[in-house]
Amino acid sequence: MTAWAYYNVALRDSPVKIDGTTMTTIIAVLGVMIITPLLALEVAFRGVPALSGEVMLAVLYIGLFASGLSYVLWNRGVAAIGAIHAAQFMNLVPLFGVLTG
């Protein structure tokens, strides 16, 4: 929760104005860098899971559409109304995640 609050304030107070797509890309790359060692541990202890075509399509849909588009739209909202006002709608994020996922 602290990281999410920092993220929203950083959107507003960024000395360099970064558009939502670039910010989302930066966050996604950082997330991959953080989670890759955990993935390596998972594969080392449990092996590589079997991934069917349906599973891969579902992961791509959730990753690109439900999650990626959500961040881009959230960034636009924070830029338009500010972090303090956007925080009132933060509890709606899981609802829209379920509805689009």
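Predicted model: local features only at pLDDT ≥ 70, side-chain atom pairs only at ≥ 80, totals over all residues.

Mentor: Residues are numbered from 1 along each chain as its sequence is written, and side-chain values use heavy atoms, with hydrogens and water left out.

Trainee: What is the mean pLDDT of the protein chain?
Mentor: The mean is 80, and 90% of the residues reach 70 or more; pLDDT is the predictor's confidence in each residue, from 0 to 100. Among the elements, α2 has the highest mean pLDDT (86) and α1 the lowest (70). Helices here are DSSP runs of H or I with at least four residues, numbered from the N terminus.

Trainee: Why is N75 called buried?
Mentor: Buried means under 20% relative accessible area, exposed means over 50%, and partly exposed lies in between (1.4 Å probe, protein chains only). N75 has 5% relative accessibility, so N75 counts as buried.

Trainee: What makes A80 exposed?
Mentor: A80 has 64% relative accessibility, which is over 50%, so A80 counts as exposed. A80 also lies in helix α3. From A80 to L39 there are 41 residues in sequence and 37 Å in space, C-alpha to C-alpha.

Trainee: And why is F65 called partly exposed?
Mentor: The value for F65 is 38%, between the 20% and 50% limits, so F65 counts as partly exposed. F65 is in helix α3. Leaving aside neighbours within four places in sequence, F65 is in contact (heavy atoms within 4.5 Å) with L60, S70 and T100.

Trainee: How do you know that R46 and E42 form a salt bridge?
Mentor: A salt bridge is a side-chain nitrogen of Lys or Arg within 4 Å of a carboxyl oxygen of Asp or Glu. The N to O distance between the R46 and E42 side chains is 3.9 Å, so the pair qualifies. A search of the whole structure finds one salt bridge. R46 and E42 are four residues apart in helix α2, so about one helical turn separates them. R46 is exposed at 70%, whereas E42 is partly exposed at 40%.

Trainee: Which residues form the nonpolar patch on the surface?
Mentor: The patch is formed by I18, I26, V29, L30, M33 and I34, with about 560 Å² of accessible area together. Accessible areas come from the Shrake-Rupley method with a 1.4 Å probe, and for residues only the protein chains shown count as cover. Patches take residues with over 30% relative accessible area and no salt bridge, joining like charges within 9 Å and nonpolar side chains (Val, Leu, Ile, Met, Phe, Trp, Tyr) within 5 Å. I26, in helix α2 (residues 20-46), has 38%, so I26 is over the 30% limit.

Trainee: Which residues make up the largest nonpolar core?
Mentor: The seven residues are W4, Y7, M23, W74, V78, A83 and A86. The elements giving two or more residues to this core are α1 (2-13), α3 (53-81) and α4 (83-86). A nonpolar core is a set of buried Ala, Val, Leu, Ile, Met, Phe, Trp, Tyr and Cys residues joined through side-chain atoms within 4.5 Å.
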